[in-house]
Amino acid sequence: MSLSRRDILKLGGAALIASALSPILRAQSASTPPSIFSRGSRRLPRVALTIDDCHLSYILQRMENTLADNPDMRVTFFPTGEALLSIESKLPGVWKRIAEQGHDIGYHSYSHINPQLFSNQAALEDYDRWREALNKVLSKETRVYFARPPYGNASPSFLNLCGQRGLICTLWSWGWGGADAQDTAAYTMPKTKNGDVVLMHTRSVDAAVFAQGLPWLKSQGKQAVTLRQLYYDFRKEQIDAEGCEVSEANSLTRTCDE
Ligand SMILES: [Zn+2]
């Protein structure tokens with residue numbers, strides 16, 4: 001890994017997360033097969049809510065409204081390429097608003113085909129097609145950090161794609177997508193742990209849980225953060241643990257004794 005502990009500690013603030021992640025990703029793609037990211041640090045009161053597929057515009061609209069009511073919370077969307085385009089036609093500008101408000105957008109295939117069916121080349125072409133859709137709805141080229149395989153199937157071709165394109169293959173450690181919103185809020189949500197990557201979809205039940213979940217997190221002193229933030233916290237903790245005292249402090253400007 002090319003990013004030293006001292007380098008990462010010198011960086012301050014969420015705005016520099018992107019520059020902190022880039023060398024990590026370059027090192028990852030150059031040498032070792034990409035690892036799979038499923039959860040973040042258990043020490044910090046942060047979780048990453050992730051919303052897959054995003055095919056239904058009225059559900060996405062409800063989630064956007066919930067986010068507007070909870071302006072200090074950030075989430076990550078994993079839309080397919082087809083969903084990027086179809087949602088944009090029904091809710092013009094929605095993806096730009098989501099990106100501008102600091103939420104993450106990750107790759108979840110163009111048309112939700114099981115990655116097991118893709119050759120390495122087909123997986124790369126699928127990603128490039130998805131990127132074209134993203135560039136179109138955002139009207140610009142944007143760095144993409146995270147990739148989640150449909151059906152959670154991190155196939156060899158999907159992992160090869162992540163290595164080739166510098167993406168972090170991301171699964172999940174918990175889910176808020178139960179069959180009943182009240183049951184999920186009562187029994188599943190309270191078991192959410194620090195660092196969890198929480199799986200959700202654009203379903204009516206999930207939108208109801210989402211609307212309850214963001215205020216609930218706040219009431220518990222927890223924050224919904226982007227996958228970028230959760231991953232950054234996780235890598236920083238790993239680097240700290242390689243020889244620096246790990247404290248509860250959350251500062252990125254402190255220094256360690258060598
Ligand atoms: Zn999916």
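# Close-up views of a predicted model

**View 1. The buried residues of helix α4 pack against β2 (46-53), α3 (57-69), β3 (76-79), α5 (94-100) and α6 (120-138).** This is a predicted model: local features need pLDDT of at least 70, side-chain atom pairs count only at pLDDT 80 or more, and totals for chains, interfaces and linings use all residues. Residues are numbered from 1 along each chain as its sequence is written. Helices (H or I, at least four residues) and strands (E, at least two) are DSSP runs, numbered from the N terminus. Helix α4 covers residues 81-90, and its buried residues are Gly81, Ala83, Leu84 and Ile87. They share one side of α4, because they cover an arc of only 160° around the axis. That arc is taken from the directions from the helix axis to the C-beta atoms. On the other side of α4, Ser89 and Lys90 are exposed. A residue is buried if 20 or more other C-beta atoms lie within 10 Å of its own, exposed if 12 or fewer, and partly exposed in between; C-beta atoms are placed from the backbone.

**View 2. Strand β2 is largely enclosed by the rest of the structure.** Of its 8 residues, 8 are buried. Strand β2 runs parallel to β3, and 4 bridges join them. Two strands pair if DSSP finds at least two bridges between them. Aspartate 53 stands opposite proline 79 in β3. From β2 the chain crosses through α3 to β3, in a right-handed β-α-β crossover. Right-handed has a set meaning here: with the strands pointing away from the viewer, the path from the first strand over the helix to the second runs clockwise. Strand β2 also pairs with β9 (residues 223-224), in the parallel sense, over 2 bridges. There, valine 47 stands opposite alanine 224.

**View 3. Strand β8 (residues 197-201) has 4 of its 5 residues buried.** The rest of the structure therefore largely encloses β8. Strands β2 and β8 run parallel, joined by 5 bridges. Alanine 48 stands opposite valine 197, and leucine 49 opposite valine 198. Strand β7 (residues 174-175) pairs with β8 too, in the parallel sense, over 2 bridges. In that pair, tryptophan 174 stands opposite valine 198. A right-handed β-α-β unit is made by β7, helix α8 (residues 181-188) and β8.

**View 4. Helix α3 packs with helix α9 (residues 204-219).** Their axes lie 10 Å apart, at an angle of about 0°. Axes are lines fitted to C-alpha atoms, for helices over the stretch in contact, and angles run from 0 to 180 degrees between N-to-C directions. The two helices, α3 and α9, are therefore roughly parallel to each other. That label covers angles under 35 degrees. From α3, the contact uses Ile59, Arg62, Met63 and Thr66. From α9, it uses Ser204, Ala207, Phe210, Ala211 and Leu214. Two residues are in contact if their C-beta atoms, placed from the backbone, lie within 7 Å.

**View 5. An open sheet of 3 strands has the order β1-β6-β5.** The pairing is parallel. Strands β1 (36-37) and β5 (146-147) are the edges, and each pairs on one side only. Strands β5 and β6 (residues 168-170) are joined by 2 bridges. Across that pairing, alanine 147 has cysteine 169 in β6 as its bridge partner.

**View 6. The whole protein has 10 helices and 9 strands.** Of its 258 residues, 38% count as buried. Among contacts with a separation of 6 or more, 78% come from residues 24 or more positions apart.

Definitions and conventions:
Angles under 35 degrees count as roughly parallel, over 145 as roughly antiparallel, 65 to 115 as roughly perpendicular and the rest as oblique.
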